[in-house]
Amino acid sequence: MAVDMQTSGTLYVVATPIGNLGDISQRAIDTLRHADLVAAEDTRHSGQLLARLGIPAHFVALHEHNEQGMAQRLVADLLAGKSIALISDAGTPAISDPGTLLVAAAHAAGVTVVPLPGANAAIAALSAAGMIAPHWLFYGFLPNKPVARSKALAALADLPYALVFYEAPHRIVECVAALAASFGNTRRITLARELTKLFESIHSLPLGEAVAWLEADANRQKGEFVLIVEGAPIAVVDEDGKRLHDTLTILLEDLPLKQAAQLAAKLTGLKKNVAYELALRMRDAAQT
Ligand code: SAM
C-alpha cells in the first residue's frame, strides 16, 4: 500500500483501537511506522501497542499537563520538516483526549494536519444503539462535582437531540442517577460498555430503571461506558412540537397509536416518524 507520507512536516492525527487491536487500520500502522516522532499521551501504554504491532517508534509524551508547552516544541519540529504522528491512549486523539492544542498550534503555524480516522467510542456506541432520532450531540465527560454536573445537565435537558456522554466505572451509578434526576424517568438511555472488548454489552432502558438495573449486578458497573440519552420530546421545545403534542393529545384519546400518529402528521404537516416518536413518548409517559 502506498503511504501518503512523502511530505515532511505533516501532523498525522492517528486513531488507535478502543480495546480490540484488530481495529487499527493499515494506514495507521504505515503512518506510525514511518513517522519521525510519535506524540503519545502515555508513552509506556502506547509503547506496548506499537511493540505488539512490531513498530519501533521514537516517542515524545504529550498529555494534559504538558500539552501547552509541548505543542510549541512539536510545531518547531514540524516546521523543521519532521513528520509527527499524534496518538492517545485509545480511540481518536483530541476527542475527550489530549491533542487539540497541538492540532490548533499546527494549523496556526501553517502545518498540514492529516486525520487518520478509526476507532471512537461515541461513534461505535451510536452505531449500535439503535437510536432512531437522526440528530445527536456529543458532550463527553460531565463535571465530577454534583453541583456543576446538575448545572450542566439543566442546560441540556430541553435539547431535542440524543446526548452522548463518556463516563468512568467508579462514577457510573452516580452519573446515571443524576441523568434521571435532571431529564426525568421516561427518556431512554443506552449504556454501551466495554465496546470491542470481551465483556462488551449494549443495553437500553428508560432512565428511571437504569440505576436499579446497574445495581442488580456489580458486573454491569465495570469497565468503560458510553451513555446515550434520547433527546427531549420536541413538544417542550418549539411551536411545531407544541402543535403536534396538542393534536396527538386529542387523537390518542380515540385512536390506536399508529393511526393517531399518521393523522397528526397529516394535520400538522410534520414528518410521520416525528409524530410516531412523540406519540410513543406520550404513551410511555402516561403509563409511568
Ligand atoms: N478518544 C477516545 C475516543 O475516541 O473515544 C475517548 C477517550 S476518553 C479519555 C475515555 C472514555 O471513552 C472512557 O471513560 C469511556 O467513557 C469511553 N470509552 C473508551 N473506550 C471505550 C470502550 N471500549 N467502551 C466504552 N466506552 C469507552
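Which side chains meet in a salt bridge at 3.0 Å, N to O, with Arg149 as one partner? In this predicted model, in which residues are numbered from 1 along each chain as its sequence is written, local features need pLDDT of at least 70, side-chain atom pairs count only at pLDDT 80 or more, and totals for chains, interfaces and linings use all residues. Side-chain values use heavy atoms, with hydrogens and water left out.

The side chain of Arg149 meets that of Glu174 in this salt bridge, a term that denotes a side-chain nitrogen of Lys or Arg within 4 Å of a carboxyl oxygen of Asp or Glu. Arg149 lies in helix α6 (residues 146–156) and Glu174 in helix α7 (residues 172–183), so the pair ties together parts that are 25 residues apart in sequence. Helices (H or I, at least four residues) and strands (E, at least two) are DSSP runs, numbered from the N terminus. Arg149 is buried at 4% relative accessibility, whereas Glu174 is partly exposed at 36%; buried means under 20% relative accessible area, exposed over 50%, and partly exposed in between (1.4 Å probe, protein chains only).

The structure holds five salt bridges. Another of them links the side chains of Glu167 and Arg171 at 3.2 Å, N to O, and both of these residues are buried. A further salt bridge, at 3.0 Å, N to O, is formed by Lys197 and Glu224. Lys197 lies in the loop between β8 (188–193) and β9 (201–206), and Glu224 in the loop between α8 (207–215) and β10 (225–229), so this pair connects parts that are 27 residues apart in sequence. Lys197 is partly exposed, with a relative accessible area of 26%, as is Glu224, with 49%. Salt bridges with shared partners join Glu194, Lys197 and Glu224 into one network.

The chain contains 11 helices and 10 strands. Five strands form an open sheet with parallel pairing, in the order β3-β2-β4-β1-β5; two strands pair if DSSP finds at least two bridges between them. β3 (59–61) and β5 (112–116) stand at the edges with a single partner strand each, so one side of each has no neighbour in the sheet. The twist averages 25° from one strand to the next.

Within the sheet, three bridges join β2 (residues 37–40) to β3, and Ala40 has Ala61 of β3 as its bridge partner. Three bridges join β1 to β4, where Leu86 of β4 is the bridge partner of Val13. In a regular strand the side chains alternate between the two faces of the sheet. In β4, Ile84 and Leu86 point one way and Ala85 and Ile87 the other, and all are buried.

Helix α3 (residues 67–79) lies across β1 (10–14), β2, β3 and β4 (84–87), at about 150° to β3. Helix α4 (residues 100–108) lies across β1, β4 and β5, at about 150° to β1. Axes are lines fitted to C-alpha atoms, for helices over the stretch in contact (heavy atoms within 4.5 Å), and angles run from 0 to 180 degrees between N-to-C directions.

Buried residues make up 43% of the 288 residues in the chain.
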